[in-house]
Protein chains: 2
Amino acid sequence: MWGPRQPGQRWWQRAMRRRLPVLGWLPRYSLTCLRLDVTAGITVGLTVVPQALAYAEVAGLPVQYGLYSSFVGCFVYCLLGTAKDVTLGPTAIMSLLVSSYTFHDPTYAVLLAFLSGCIQLAMGLLHLGFLLDFVSCPVIKGFTSAASITISFNQVKNILGLQGIPRQFFLQVYETLRRIGETRSAPSLHPCCTQVLPDSPPFAPGFQCCSLPSARNALVVLAAGLVAYSFQVSGSQPLMLTGSVPRGLPPFDPPPFSKAVPNGTVPFGRMVQDMGAGLAVVPLVGVLETVAIAKAFASQNDYRIDANQELLAMGTANLLGSFFSSYPITGSFGRTAVNAQTGPQCTLVLLSLAYLTSLFCYIPKAALAAVIISAVIPMFDARIFRTLWRVKRLDLIPLCVTFLLCFWEVQYGIMAGVLVSGILLLYSVARPPIKVLEQGVLLVQPGSSLHFPAADHLQDIIRDRALAASPPRSVILDCHHVSTIDYTAVVGLAELLQDLHKHGISLVFCSLQDPVLRALLAADLEGFRHFPSWEEAGEAAMRHTHGCWQAGAPREPGE
Amino acid sequence: MWGPRQPGQRWWQRAMRRRLPVLGWLPRYSLTCLRLDVTAGITVGLTVVPQALAYAEVAGLPVQYGLYSSFVGCFVYCLLGTAKDVTLGPTAIMSLLVSSYTFHDPTYAVLLAFLSGCIQLAMGLLHLGFLLDFVSCPVIKGFTSAASITISFNQVKNILGLQGIPRQFFLQVYETLRRIGETRSAPSLHPCCTQVLPDSPPFAPGFQCCSLPSARNALVVLAAGLVAYSFQVSGSQPLMLTGSVPRGLPPFDPPPFSKAVPNGTVPFGRMVQDMGAGLAVVPLVGVLETVAIAKAFASQNDYRIDANQELLAMGTANLLGSFFSSYPITGSFGRTAVNAQTGPQCTLVLLSLAYLTSLFCYIPKAALAAVIISAVIPMFDARIFRTLWRVKRLDLIPLCVTFLLCFWEVQYGIMAGVLVSGILLLYSVARPPIKVLEQGVLLVQPGSSLHFPAADHLQDIIRDRALAASPPRSVILDCHHVSTIDYTAVVGLAELLQDLHKHGISLVFCSLQDPVLRALLAADLEGFRHFPSWEEAGEAAMRHTHGCWQAGAPREPGE
């Protein structure tokens, strides 16, 4: 629907369209689109409501906060987002982060949403979206794969009906296995139903135009609720239920900038300090998640993602959301999997809040656990290890580092992964491939541009190879692949020229690209000579070696 | 004296020579060398003694610590260092750092030397020397230029005879100017003498074989001492003197791991905590300074510097030094300027400690100030700004950031400079130059290897340009300059292939280097076709555009 940029537009029209992407598609919105979108919206809505309840459980907040977080995001993103297929709302990963930074306290969670929104807006306005380019594929894959395992296992306790299981993954595994004998039998039946439902079930014929698995969640939760209700009516309740949920829309209130506690208030500064690293991790992971999903859809449905615009959209959504008691939200992996327009979906959330909350108390926790597990399991990608082994083995390092550390703490995993891939990147810049051929003279060909960390390395290689033979050989530096050069590298070459000159051998340059030639001429190197091709350079170098350094040189050495 | 590696040596001989560079030159050491070296050593010694006293003053320590720090370093470096022209000892910059981290307390200073030594040794053993490659020329220039101004101005108070001037540069300038009326007239005469002494003075004929400016310091200090002594004898003393210096060599004692204070002891952990960032900054700046100087001499005198070996040498020197009450030492800019052997110099320091300390009390502080100023002024390089403007304007950013921030705190300046040049480096990797030619088809030529931060950028450029025309144009990706590619970039190209295929246009690759071709084949891209030259690729792309996608393709798209 969003084609490439029209060439005839004025700059302000383009700017408006960039900042308010809704202007791009609204004029062309048709009745057919509306019909499709309503159907899709209802489907997504049926996924969003049970997921919202489930994710609030992951975040350690009362379930209604999941719903409060689900409706502002969609409206804002609908106006400002660049990927119309993405819906913002609570997600498994974000809920996991919220649970680690907000102490299961809604006050902190809502303030975190507000502050994350401010940070994302600021980053968007400062055009810091390019920072996301530095999160490589292996890091994203490692992170999502590990998160899918962590989040799934986190729900096992709800399926088994265990209580008081610690949050830390390894302790959780240990405790869950140790106390597996305490399992309640009834709850563990439900998730089986979810997993058994096929991806394209024969029932629910009304939803044939849209992808069906998303309605599955609603059906499972509905069925589980009915079972729980029948137990309730019969007087015995073996299931752990969600419990009562306050009815009605959240009030429009500014986010809480302090918190009343029995013996006074916790001031704003103290709350910020308590959340600590969360203020960096939550906004960044939020944008990362959204952009990762948005990109996947953009390539499927043919439009482009502007990371800065995504930052603005997410920032606004979190900022406004915090006025409606939302906790930090982001684009979701599971929910977005149906091509959805957001209006009907939000309406469904609002309707649920207004009329259905009294029914939510009958939803068993095990059913919500099943919803979560079926949402995050597809995020695990086992094939990536084999693919990287074949395509680029070095990329296994950031993948494994991220994957393993994410079991300890998600944020450490991501940070370590980004750091490791950054180090590998810098290493490849510092040690570019350098081909050395010996053809009477030494022909040295750097495989890429020369940046400062490579300056010494190049110097060492050339000096070593040139002086290794007896008599020492002249050198041709073929700069064919060198498209830029910086001052440190120029200084390195100047030293090398002097050095080799002292040994009576020459260094000539060939195939210089224009910017590199300009830089070298501006630096006024002593004894700098260059030729268009290495044949000519070779001739000149040989001439010099046979004792005519001064002759035929375009620039004479002045030492 | 240290030529290139001999090809006939066994690996263990080479390893020994690498770890104990002294083995390389000792067998070839002759009587002539000895005579030259003794002369040079005495000259340097005459510089070292007054400088040691002066630098201790900069570090805020009793002057004898300057001498204690001056003799172990030379011996150790003589055995382990790779640059035989460098002498280790107290330096202006290191003294400045020591004064900020050790609270003018010798206990802390000696412990810092010990810990810095351990850190440097560990870095050397872990082969982390390559980290120094990431400190670019502009950062070093900015740092040394700013340090020369800071250190010089720091001495103005001693020349003017002012007391109680704050340490922070801007406050110092303000206070010094405000209180300039309190200047004592006598001290300010001395520095003039130093500056007036010509670079090659007609007196001191005995030192003709070595560079003369270095003996100048000793002459000035001697003359100033005589003047001060004559004042003392005549009963009036207008000069600020160094004061009494304890006589004799420092005891051989382990460094202090705790400190006795009036009300108990400060434990080791507390002392480490007090020094904080100093434990990172001091060892790193130490190595940086040494390597920078060593490199300068290496290129002049034709040998190579091994950064890891430098780390080992400096680490050992600091570690052993701390047993002789040394504070952290490093290679110096000023002192090293004469080609010096270290034995005689160290002997001179030891002789001074044994016999001359009682005379040191007559040295006026203003004379030491003059010694320092004349040592650091040549470090200021004003031309670098003009050079960078001509050669590479972008490099002015790290230069200016480092230069300006160094006035605030030296360590912040260096860190910010390294950070900024790292960011510029990453930026150039993330946005490589990409040439786009339109010749019926679109010929896209990335100027360097494709790393993950550039994946999206390349994708955007190609998609935009290909779809901008109507009908959309097929694309030839000329990977001539691409020598490596990582998984994220491969994924980006896979997405791009699918994307363009959806628009009915083709993307063909040409001039692939072997490693890149292997990676792309291993990734099993849908619709991947490649040709050795762009003429063939162009033909294939045009054929496809005219509706024969399936025909003639080496690999058929499977979608």
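**A stacked pair and its setting**

Modeller: Phe252(B) counts as exposed, at 54% relative accessibility (exposed is over 50%, buried under 20%, partly exposed in between, with a 1.4 Å probe and protein chains only). Phe323(B) counts as partly exposed, at 22%. This is a predicted model, where local features need pLDDT of at least 70, side-chain atom pairs count only at 80 or more, and totals for chains, interfaces and linings use all residues. Residues are numbered from 1 along each chain as written, chains are lettered from A and ligands numbered from 1 in written order, and side-chain values use heavy atoms, without hydrogens or water.

Start with the wider count. Over all chains, the structure holds 32 aromatic pairs (Phe, Tyr or six-membered Trp rings, centres within 6.5 Å; planes under 30 degrees apart are stacked, over 60 edge-to-face, the rest tilted). One of them joins Phe103(B) and Tyr108(B): the centres are 5.0 Å apart and the planes stand at 85°, so this pair is edge-to-face. Phe103(B) is partly exposed, at 45%. Tyr108(B) is buried, at 6%.

Now your contact. Phe252(B) and Phe323(B) are stacked, 5.6 Å centre to centre with 20° between the planes. Phe252(B) sits in the loop between helix H10 (213–234) and strand E2 (259–261) of chain B, and Phe323(B) in the loop between helix H13 (307–322) and strand E4 (330–331), so the pair ties together parts 71 residues apart in sequence (helices, H or I of at least four residues, and strands, E of at least two, are DSSP runs numbered from the N terminus).
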